Amino acid sequence: MSNARERLIDALYGAGWSTVKKLPEPVAVRLGRTIADLTWRRRGKSVLRLESNLARVVPDASPERLKQLSKAGMRSYLRYWMESFRLPSWSADRVRNGFDIEDVHHLTDGLASDRGVILTLPHLGNWDLAGAWVTTELETPFTTVAERLKPETLYDRFVAYRESLGMEVLPHEGGSAFGTLARRLRAGGLVCLVADRDLSESGVEVKFFGDTARMPAGPAILAQQTGALLLPVTLWYDESPVMHGRIHAPIEVPETGTRAEKTSVMTQALADAFATGIADHPEDWHMLQRLWLADLEERRP
């Protein structure tokens with residue numbers, strides 16, 4: 001990426017955080033929808049990749065249905081960005097009232113047990129808003145990991161933004177993140193990880209919507225090594241200003257097998273929970289990159 005392009009990208013994100021958060025909410029909603037529709041009509045690589053991914057999630061969808069889903073998907077994706085740009089200016093009440101979560105007892109019971117909790121999410125809905133709700137409504141700080149972006153100034157913006165919401169943010173690259181996460185969990189803390197896309201190429205192969213994908217091994221290994229509770233979470237939008245979510249039942253560590261075998265079983269269970277939420281709300285899955293191994297192999301040559 002050229003330096004000029006890096007500066008432009010950083011400036012655009014900076015303008016979003018400084019300008020969009022000042023807009024009245026109805027104006028921001030309309031702006032996000034307008035940008036989404038313009039982007040969708042251009043039919044660029046990201047939109048086409050989103051449609052390709054949705055075709056796996058909804059295999060019996062007609063071409064027209066896929067276009068409808070991808071249009072709704074881009075609107076959902078821009079809703080995520082509009083909310084994220086505005087989150088630092090939201091009041092505590094706005095954060096509390098902006099998220100409705102089912103089966104939260106899985107999380108609160110786990111925190112009360114002091115055994116540590118790992119929340120894992122796919123790229124559904126707005127995971128930053130869910131995190132802000134945890135730090136605000138439950139008054140519970142947590143640790144997460146962020147992909148190191150280019151330019152570096154953009155990565156710094158994301159770290160500062162998430163820290164302003166009450167999160168401890170560790171860089172994805174480097175071996176120290178895993179050790180820090182393990183220490184937080186052994187101390188009875190909370191760790192939140194977006195875990196439907198492997199960034200290391202050393203993840204666990206899982207069956208996902210009928211084909212093979214690779215997902216991170218970290219959540220399952222952390223649960224095994226620390227005794228922490230492993231909880232999948234799925235999120236979705238409706239037509240209201242409130243985002244919805246569900247905390248799924250804990251994924252237990254198998255009683256038998258090697259560490260690799262246990263990790264494989266647990267990661268597959270995570271993938272299955274993610275698939276349930278994605279199948280129910282495919283338009284809210286913001287996966288605009290290649291995910292399945294067949295698609296990755298197709299790109300590699």
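Visitor: Which residues lie nearest the centre of the second largest pocket?
Guide: V29, R33, R75, R79 and D238 do, out of 22 lining residues. A pocket here is an open set of points on a 1 Å grid over the protein atoms alone, where a 1.4 Å probe fits, with protein on both sides within 12 Å along at least five of seven lines, and lining residues have an atom within 4 Å of a point. Keep in mind that this is a predicted model: local features need pLDDT of at least 70, side-chain atom pairs count only at pLDDT 80 or more, and totals for chains, interfaces and linings use all residues. Residues are numbered from 1 along each chain as its sequence is written, and side-chain values use heavy atoms, with hydrogens and water left out.

Visitor: Okay, what's the volume of that second largest pocket?
Guide: About 530 Å³. That volume is the space filled by probe spheres set on the grid points, which are joined across faces, edges and corners.

Visitor: Which helix gives the largest share of the lining?
Guide: That's α4, with 8 residues. Both α2 (25–42) and α4 (63–86) supply at least two residues each. Helices are DSSP runs of H or I with at least four residues, strands are runs of E with at least two, and both are numbered from the N terminus.

Visitor: And what classes of residue line the pocket?
Guide: There are 11 charged, 8 nonpolar and 3 polar residues in the lining. Asp, Glu, Lys and Arg count as charged, Ala, Val, Leu, Ile, Met, Phe, Trp, Tyr, Cys and Pro as nonpolar, and the others, Gly among them, as polar.

Visitor: New topic: how many aromatic pairs are there?
Guide: The count comes to 10 aromatic pairs. In one of them, the ring centres of W81 and F85 are 5.7 Å apart and the planes are at 35°, so the pair is tilted. The rule is that rings of Phe, Tyr and Trp (its six-membered ring) pair if their centres lie within 6.5 Å; planes under 30 degrees apart are stacked, over 60 edge-to-face, and the rest tilted.

Visitor: Where do W81 and F85 lie?
Guide: Both are in helix α4, 4 residues apart, about one turn of the helix. Ring pairs also link W81 and F85 with Y77, Y80 and W127 into a cluster.

Visitor: Is W81 buried or exposed?
Guide: W81 is buried, at 11% relative accessibility, and F85 is buried too, at 8%. Buried means under 20% relative accessible area, exposed means over 50%, and partly exposed is in between (1.4 Å probe, protein chains only).

Visitor: Now D284, where's its place?
Guide: D284 is in the loop between α11 (259–280) and α12 (293–299). Its relative accessible area is 3%, so D284 is buried.

Visitor: What is D284 in contact with?
Guide: Setting aside neighbours within four places in sequence, D284 is in contact with S76, H123, L124, G125, W236 and Y237. Contact means heavy atoms within 4.5 Å.

Visitor: What about H281, which residues is it in contact with?
Guide: H281 has L124 and W236 as contacts, again leaving out neighbours within four places in sequence. H281 also sits in the loop between α11 and α12, and it is buried at 19%.

Visitor: Last one: what's the phi of E139?
Guide: E139 has a positive phi of about 50°, although it is not a glycine. E139 lies in the loop between α7 (127–137) and β3 (142–146), and it is exposed, with a relative accessible area of 63%.
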